[in-house]
Amino acid sequence: MLLAYIPFMQDDAADRVLEAVARQLIAKGHRVEGFIQHAEKDEGQCCGAVDLEDIATGRRWQIMQALGAHARGCRLDFNALSDAAVFAQTRIGVQPDLLILNRFGKGEAQGGGLRSVFEAAFVAGVPILTSVKEAYLDDWHAFAGDLSQTLPAEVEAVLDWSLSAVVRAGRTDDAA
């Protein structure tokens, strides 16, 4: 399978695994595209800053709108997420070995967010690695069907899958 996900309850573990795997693959000479997520707690706000970082360029998008100290929750900034999606979709054209998309979440479950990037990469035969919060697992399964593989939030297991997927996809002659 060329599509895998890490189910999670708390963001931090999945984010750390995806970032570690991306860095290790790049160090081995693989072309990795996509996003990793960085969340920062902000005292006095309803939520902290959440940035998407483009793995290849370091460019960042702030994807959450802080609504103030008395807000009951933050809102996903669909405009920022859409801008990031357009950017990521153009990067598929560089023929990456692997695409890491930090989440399949609320935006994607509603038919937006990075969903078009998942689809474009799948059609292009690019292996895709993501994470899915438990609240969105049903939406993920409706989207991916039986085409995805579940991975534990463990760097070595995810790295092994990634290297294997790169070879299966014919993206490289060397699994380094």
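**First stop: a charged pair**

Select Arg-31 and Asp-97: their side chains meet in a salt bridge, with N and O 3.2 Å apart. (A salt bridge here is a side-chain nitrogen of Lys or Arg within 4 Å of a carboxyl oxygen of Asp or Glu.) This pair ties together distant parts of the chain, 66 residues apart: Arg-31 sits in the loop between helix H1 (11-27) and strand S2 (32-40), and Asp-97 in the loop between helix H2 (78-91) and strand S7 (98-101). Helices (H or I, at least four residues) and strands (E, at least two) are DSSP runs, numbered from the N terminus.

Before you move on, a word about what you're looking at: this is a predicted model, where local features need pLDDT of at least 70 and side-chain atom pairs count only at pLDDT 80 or more, while totals for chains, interfaces and linings use all residues. Residues are numbered from 1 along each chain as its sequence is written, and side-chain values use heavy atoms, with hydrogens and water left out.

Now, is Asp-97 buried or exposed? Asp-97 is buried, at a relative accessible area of 2%, while Arg-31 counts as partly exposed at 43%. (Buried means under 20% relative accessible area, exposed over 50%, and partly exposed in between, using a 1.4 Å probe and protein chains only.)

**Next: from helix H2 to strand S2**

Select Arg-91 and Glu-33. They form a salt bridge too, and their closest N and O atoms are 2.8 Å apart. Again distant parts of the chain are linked: Arg-91 belongs to helix H2 and Glu-33 to strand S2, 58 residues apart. Glu-33 is buried at 6%, and Arg-91 is partly exposed at 22%.

**Then: a network**

Which residues join up in a network of salt bridges? Select Glu-19, Arg-23, Asp-51, Glu-53 and Arg-60, and you have it. Zoom in on Arg-60 and Glu-53, whose closest N and O atoms are 3.4 Å apart. Here Arg-60 is partly exposed at 40%, whereas Glu-53 counts as buried at 11%.

**Last: zoom out**

Show the whole structure: a search of it finds 8 salt bridges. Switch to cartoon view and look for 6 helices and 9 strands. The chain has 176 residues, and 44% of them count as buried. Among contacts (heavy atoms within 4.5 Å) between residues at least 6 apart in sequence, 65% join residues at least 24 apart.
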